[in-house]
Amino acid sequence: MKIVVCIKQVPATNDAKIDPETKRIIREGLKAILNPFDTYAVEEAVQLRERFGGEVIVLSMGPEKAALSIREAVSVGADRGVLLSDRAFGGSDTWATSYALANAIRKIGDVDLVICGKQAVDGDTAQVGPGIAAHLDWKQATYVMAVEDASDDSIVVKRMHEDGYDICELKLPAVVTVVKDINTPRIPTLRGRLASEKIEVPVWKPADIGADLSKIGLDGSPTRVVRTAPPPPRNTVTKKISGTSAECADALIKELRLRSIL
Amino acid sequence: MRVNDDKQKNDYSNVWVIAEVLSGKIQPVTHELAGTARMLADKRGSEVWIVLLGNNVSEQAGTLFAYGADKVLVADDGSMANFNDEIEARVLVRMIDKYKPEIVICGATTRGRALIPRVAVVTDSGLTADCTELDIDPENGDLLQTRPAFGGNIMATIRCSDHRPQMSTVRPRVMKAPDPDPGRTGEIITENVTVSDKIDIKRILEVFHSSEAAVNLADAQIIIAGGRAMKGPEGFDILRAFAARVGGAVGASRAAVDAGWIPYAHQVGQTGQTVQTKVYIACGISGQIQHLVGMQSCDLIIAIDKNPDTPMMQMADIAVTGDIFEIVPALTAAIPKL
């Protein structure tokens with residue numbers, strides 16, 4: 001099975017601090033990490049290769065330093081990676097991003113399965129996975145919590161829904177997006193680390209993937225951010241309640257009534 | 001479709017809402033979005049259409065007029081009894097090509113988030129996820145879509161000036177459902193599902209619906225969430241009792257989920273769900289950044305903890321210092337049964 005895992009490098013929130021004024025997270029100066037949901041996508045791909053054979057190729061779009069996230073995926077078992085990096089890709093929204101990734105998947109060739117994380121934690125849209133499936137005209141399954149079975153030409157997955165789950169069979173090729181429940185990502189081995197340092201990460205430009213320049217970057221993006229503003233301010237003063245448990249409960253009920261919640 | 005001028009834009013009209021159907025029933029998010037669609041359509045002088053896809057859903061179509069719909073576009077077919085994104089996307093794309101809506105709004109649910117990106121790509125439309133505010137330029141119909149970005153640290157307003165239709169998803173409970181007006185009527189239009197819609201699709205082998213599995217963090221007005229301080233799976237019982245009393249949902253921190261005390265579907269935070277409820281009650285959750293990004297956009301945050309100095313207690317609107325195992329049951333007891 002030839003599997004492509006699409007990954008994204010995102011800002012790490014681990015070391016973030018809360019701004020005491022606005023009570024929101026300070027994002028400036030954060031280092032970059034592999035999107036947490038993508039670690040499950042990489043692990044699932046590596047497990048499938050271990051069970052059924054084949055190859056795991058990691059694909060990302062971003063600045064050149066995003067190659068580090070590709071190396072991280074190789075350190076935990078991916079075979080190789082490709083990076084789409086060029087000024088012309090900059091400013092892509094989810095439509096343009098999924099177009100570029102789909103073109104790269106075609107260029108990689110003979111791909112059976114694409115695995116993505118459910119969403120990236122910076123944009124939170126969950127649109128790129130289904131977008132890739134649409135550009136390729138492949139079947140899709142989102143919010144996948146287990147891969148039940150797989151063969152050369154099909155995969156059986158369990159999808160999470162608001163009111164339960166279902167199990168469905170998709171003929172390959174297909175795109176699946178995975179949630180955290182699906183596995184426990186492994187820790188890199190020494191051999192994996194060495195492999196990740198040695199590997200060459202080819203950088204592809206729009207021409208390499210036959211991309212129509214009017215469909216990538218800012219020009220290829222139907223949506224455009226026209227304004228950014230701070231979010232509506234939170235109550236910056238915390239109302240403090242303490243006392244006996246009964247007093248606390250009473251005071252809290254009063255607060256909820258005051259706000260017409262009860 | 002890319003549009004080059006206002007004349008081409010004017011080929012597209014009306015505001016559509018994609019109805020959310022779960023276990024055969026229209027969900028409240030549909031009514032909430034109908035209210036917003038009505039506001040947009042009134043500013044623009046156009047109509048609200050609701051698209052209803054599913055199996056045996058036709059008889060519910062008439063209920064949607066009361067919430068502001070002028071027309072209901074129905075495709076009712078056994079092939080859509082379960083969620084088959086590929087079929088629904090093909091049917092929706094055909095409807096869009098035929099009737100050319102200016103705006104399409106869909107619930108940001110697991111189904112909506114799977115379906116709409118697929119449709120947006122095929123129809124070459126702009127799509128914005130998880131909008132918290134929608135407004136319209138009455139002159140040219142451009143939709144002004146506001147959404148939180150970077151974990152709620154920035155509100156970005158997004159415009160899609162040169163593509164039609166314009167598509168948005170909105171989470172349940174973000175918009176307010178209008179009071180139903182039973183006197184309103186409208187027109188029901190039926191569209192067929194064709195044989196070609198049903199070829200080369202996935203095969204759904206097994207379906208499991210359960211009200212117990214229904215966590216519905218996205219659909220709740222009040223979430224009460226627990227962390228490591230709940231001490232074990234039984235600890236969550238007091239949260240369940242409270243949630244049941246107020247019609248809310250139970251959330252959890254990653255620590256509690258990783259400990260196996262409660263299923264992953266309850267997890268709030270960066271690798272769980274992002275929630276935007278009216279009230280979020282954090283019980284013994286210290287407030288790691290990864291948790292805070294998942295709930296900091298809730299309207300009212302209440303923290304209950306023994307330790308008054310945790311990040312959660314400091315960011316909360318109301319911080320209660322005390323014993324969760326006494327305060328939560330006392331709260332539940334003090335709230336009259338619904």
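Guide: The contact between the chains draws 76 residues from chain B and 67 residues from chain A; two residues are in contact if their C-beta atoms, placed from the backbone, lie within 7 Å. On the side of chain B that touches chain A, the largest share, eight residues, belongs to helix α4 (residues 110-122) of chain B. Helices (H or I, at least four residues) and strands (E, at least two) are DSSP runs, numbered from the N terminus. Sorted by class, this side of chain B holds 40 nonpolar, 23 polar and 13 charged residues. Here Ala, Val, Leu, Ile, Met, Phe, Trp, Tyr, Cys and Pro count as nonpolar, Asp, Glu, Lys and Arg as charged, and the others, Gly among them, as polar.

This is a predicted model, in which local features need pLDDT of at least 70 and side-chain atom pairs count only at pLDDT 80 or more, while totals for chains, interfaces and linings use all residues. Residues are numbered from 1 along each chain as its sequence is written, and chains are lettered from A and ligands numbered from 1 in the order in which they are written.

Strands also join the two chains: β9 (residues 164-171) of chain A pairs with β13 (residues 203-209) of chain B in the antiparallel sense, over six bridges. Two strands pair if DSSP finds at least two bridges between them. Within this pairing, Gly164(A) stands opposite His209(B) of β13(B).
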